[in-house]
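Please open the model in your viewer and keep the sequence panel beside it.

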Amino acid sequence: MGRMHNDTFTANDGCKIAFQSSLSLVSTAEESTSRTCVLLMHGFSGSSEYFTRNYSALAESVEVIAPDMRGHGRSDHTRGGYHVARLAADLAELVRHIRKRLSITKIIPVGCSIGAAVLWTYVELFGCSDFAGLVFVDQAPLQDRSMFDGWNQSLAHTGCYDEATMLAAQQSWIYDSHEAHKDLVKGCLGYRHLPQASDSVSDEQQAEDERFFTKISASCDQAWLARLLADHTRYDHREAIEAITVPTLVMAGQRSGCFPLNGMLETVRRIEKTTSGLARSSVFQSGHWLFYEEPERFNKEIVEFARLCKDV
C-alpha cells in the first residue's frame, strides 16, 4: 500500500470534515482494487491518527477511510455541533461522498468509543441499510447509570456515570486539561490501567504513547469537548441497537478502564433478542484502545469480518 491520502468534504452547515483515505478520492489516476471500504471512527478527543498501526495492514485487503469528526483533528472546530446526532449527520454525508467517488459495494464502519455511539445514532436516524456490517469497539450503549432495566455499576461507565461525575469530568477537561489527557491514557491503555507481568512495553514506548495520545487530545477545544461529553454520557442507545439488521461484531478490551465487559456485551444481547446469530463478540486482552495495543489481531479480525458481510 502507498501512503494515506488527506482529503476533505464540506458538511451541509459549512463545516469542513477532514479524512484519511487509502485511495485518493480526487485523483482519476487511481482506481479501487477492492469493493469493500472499512470506515474507521475514532473516539472522544481523538483523530484519524489513532489508527496509525492499522492502515497498512487493512489496506492490503480493503479500502480504508478514517474521518476526523468535527471538533477533532484537522476538521473544523465549530462553535456548536457538540452532539452525537450532529456527528451522525456528518457521517451520513461522508457515506454519500464516498459512494459518489468510489465503486464501493460494501461499507463497514468500525466505531471506537464515541465512534460506536455515532453509529448507533446513525442507525436510529437513518437505519443501517447503507452498511454491510457494523463493528463496535469498547463502548457500552449507555454511559450513565439508569433506573431503567437495572443499568447499574456493573454495566455503566466506570468513571463518568451520573450528573455529578459528568460535571467533575467537564471541570477537569476545561480547567486541568493536561491531567485529563494523561488520565485518559491511563484508562484507555490496558498496560497502564491493569499492568501485567507479561506486558513487554518499554518505558520509552510508554512515554511515547502518552505523548502521542495527549498531543491529539490537546489539539481540540476543551470546552467544546466538555459539552460533547455531556451529550454522549446521557445518550441511551439500547433500544436503537435492537433495530440493527446487519451482521455485527463487538470488540471489547478485557483491561478496559472505561467500561465493565458486561456493559459492552449488551449490544450483542440486544441484537440477539431480535435476530439470533446476527451478532458476536471478540474479547481482547488489552484496553479501550485495543486497535492500538493489539493491532495484528484487530486488523485480522476486521478483514475476516468484512469478507463475511454481503454487498449492499
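## The whole chain

Of the 312 residues of the protein chain, 58% count as buried, where buried means under 20% relative accessible area, exposed means over 50%, and partly exposed lies in between, with a 1.4 Å probe and protein chains only. This is a predicted model, in which local features need pLDDT of at least 70 and side-chain atom pairs count only at pLDDT 80 or more, while totals for chains, interfaces and linings use all residues. Residues are numbered from 1 along each chain as its sequence is written, and side-chain values use heavy atoms, with hydrogens and water left out.

Show the chain as a cartoon: there are 13 helices and eight strands in the protein chain, these being DSSP runs numbered from the N terminus, with helices as H or I of at least four residues and strands as E of at least two. The protein chain is as compact as a globular protein of its length, because its radius of gyration of 18 Å is close to the 20 Å that the globule rule gives for 312 residues; the radius is taken over C-alpha atoms, and the rule is 2.2 Å times the number of residues to the power 0.38. Along the principal axes, the C-alpha atoms fill a box of roughly 50 × 45 × 45 Å.

Among contacts between residues at least 6 apart in sequence, 75% join residues at least 24 apart, a contact being heavy atoms within 4.5 Å.

## The largest pocket

Next, select His157, Cys160, Trp173, Leu184 and Cys258, which of the 26 lining residues lie nearest the centre of the largest pocket. On a 1 Å grid over the protein atoms alone, a pocket is an open set of points with protein on both sides within 12 Å along at least five of seven lines, a cavity is a set of points where a 1.4 Å probe fits but cannot get out, and lining residues have an atom within 4 Å of a point. About 550 Å³ of space lies in this pocket, with grid points joined across faces, edges and corners and the volume taken as the space filled by probe spheres set on the points.

Colour α4 (163-175), α5 (177-188) and α8, each of which supplies at least two residues of the pocket lining; α5 gives the most, with five. By class, the lining has 13 nonpolar, 12 polar and one charged residues, where Ala, Val, Leu, Ile, Met, Phe, Trp, Tyr, Cys and Pro count as nonpolar, Asp, Glu, Lys and Arg as charged, and the others, Gly among them, as polar.

Stay with helix α8 (residues 222-234) and pick Gln222, which counts as buried because its relative accessibility is 13%. Beyond its neighbours within four places in sequence, Gln222 is in contact with Trp173, Ile174, Ser177, His181 and Ser217.

## The enclosed cavity

How many cavities of 30 Å³ or more does a search of the whole structure find? The search finds one, and the largest cavity has a volume of about 70 Å³. To display its lining, select Phe9, Ile17, Met41, Pro67, Asp68, Met69, Arg70, Leu87, Asp90, Leu91 and Leu94, which divide into eight nonpolar, no polar and three charged residues. Helix α2 (residues 84-101) gives the most to this lining, with four residues.

## Single residues

Move to Leu40 in strand β3 (residues 36-41), which counts as buried at 0% relative accessibility. Its contacts, neighbours within four places in sequence aside, include Phe51, Tyr55, Val110 and Phe298.

Then centre on Ser113, in the loop between β5 (106-112) and α3 (114-126), where phi is near 60°, a positive value in a residue other than glycine. Ser113 is buried, with a relative accessible area of 10%. Asp149, in the loop between β6 (134-137) and α4, also has a positive phi of about 60°, but counts as exposed at 54% relative accessibility.

Finish at His237, in the loop between α8 and α9 (238-241), which is buried with a relative accessible area of 2%. Apart from neighbours within four places in sequence, His237 is in contact with Ala117, Trp120, Thr121 and Pro141.
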